[in-house]
Amino acid sequence: MLHDRLLVSVEGEAGERRSGGGIVIPATASVGRRLSWGTVVAAGPNARQIELGDRVLFDPEERAEVELQGKDYILLRERDLHGIAAPRVQDGHTGLYL
């Protein structure tokens with residue numbers, strides 16, 4: 001990876017999902033603009049706040065898709081992220097940075 005680029009694996013993007021109340025929402029349902037979560041699998045040397053394994057929030061409309069070894073990934077810049085859910089937390093912090 002070069003500069004501040006991130007390679008993100010998207011989990012379960014194309015299937016149906018469930019609401020908080022347990023209602024099944026089909027994949028064909030029309031919803032407004034919705035952000036997606038993914039997991040960082042590679043990061044460039046200039047990515048400052050991201051580490052491998054972090055879950056990141058991004059806009060699925062602003063992405064570049066790439067296929068590596070038969071698996072689809074998303075290529076993003078660090079500045080295109082809307083949030084980071086990092087497993088590394090310090091005392092007194094939530095671990096979610098928006």
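A contact means heavy atoms within 4.5 Å. This is a predicted model, where local features need pLDDT of at least 70, side-chain atom pairs count only at pLDDT 80 or more, and totals for chains, interfaces and linings use all residues. Residues are numbered from 1 along each chain as its sequence is written, and side-chain values use heavy atoms, with hydrogens and water left out.

**Stop 1: the overall fold.** Switch to a cartoon view. The protein has zero helices and nine strands. Helices (H or I, at least four residues) and strands (E, at least two) are DSSP runs, numbered from the N terminus. Of the 98 residues, 28% count as buried. Buried means under 20% relative accessible area, exposed over 50%, and partly exposed in between (1.4 Å probe, protein chains only). The protein exposes about 6,900 Å², and carbon and sulfur atoms supply 49% of that area. Accessible areas come from the Shrake-Rupley method with a 1.4 Å probe; for residues, only the protein chains shown count as cover.

**Stop 2: the core.** Select Leu6, Val8, Val40, Ala47, Ile50, Val56, Phe58, Ile74, Leu76, Leu81, Ile84 and Ala86. These twelve residues make up the largest nonpolar core. The elements that give two or more residues to this core are β1 (5-10), β5 (55-58), β7 (71-77) and β8 (81-85). A nonpolar core is a set of buried Ala, Val, Leu, Ile, Met, Phe, Trp, Tyr and Cys residues joined through side-chain atoms within 4.5 Å. In soluble globular proteins, nonpolar side chains tend to be buried together.

Leaving out residues up to four places away in sequence, Val40 touches Leu6, Leu7, Val8, Ile50, Glu51, Leu52, Gly53, Asp54 and Val56.

**Stop 3: paired strands.** Strands β1 and β4 run antiparallel, joined by five bridges. Two strands pair if DSSP finds at least two bridges between them. Look for Val8, which stands opposite Val40 in β4. Strands β4 and β5 also run antiparallel, with four bridges joining them. Select Ser36: its bridge partner is Phe58 in β5.

**Stop 4: Trp37.** Stay on β4 (residues 36-43), where Trp37 is found. Trp37 is partly exposed, with a relative accessible area of 29%.

**Stop 5: Asp54.** Move to the loop between β4 and β5, the place of Asp54. Asp54 is buried, at 1% relative accessible area. Its side chain reaches the backbone nitrogen of Glu51 at 3.0 Å.

**Stop 6: the salt bridge.** Select Asp4 and Arg5. Their side chains meet in a salt bridge (3.4 Å, N to O). The structure holds one salt bridge. The term means a side-chain nitrogen of Lys or Arg within 4 Å of a carboxyl oxygen of Asp or Glu. Arg5 counts as partly exposed, at 26% relative accessibility.

Stop 7: Most residues other than glycine have a negative phi, and most peptide bonds are trans. Select His3, in the segment before β1. His3 has a positive phi of about 50° although it is not a glycine. Finish at Gln69, in the loop between β6 (64-68) and β7. Gln69 also has a positive phi of about 50° and is not a glycine. Gln69 counts as exposed, at 86% relative accessibility.

Notes. A polar contact is a pair of N or O atoms within 3.5 Å; within protein, one must be able to donate a hydrogen and the other to accept it, and residues adjacent in sequence count only if both atoms are side-chain atoms.
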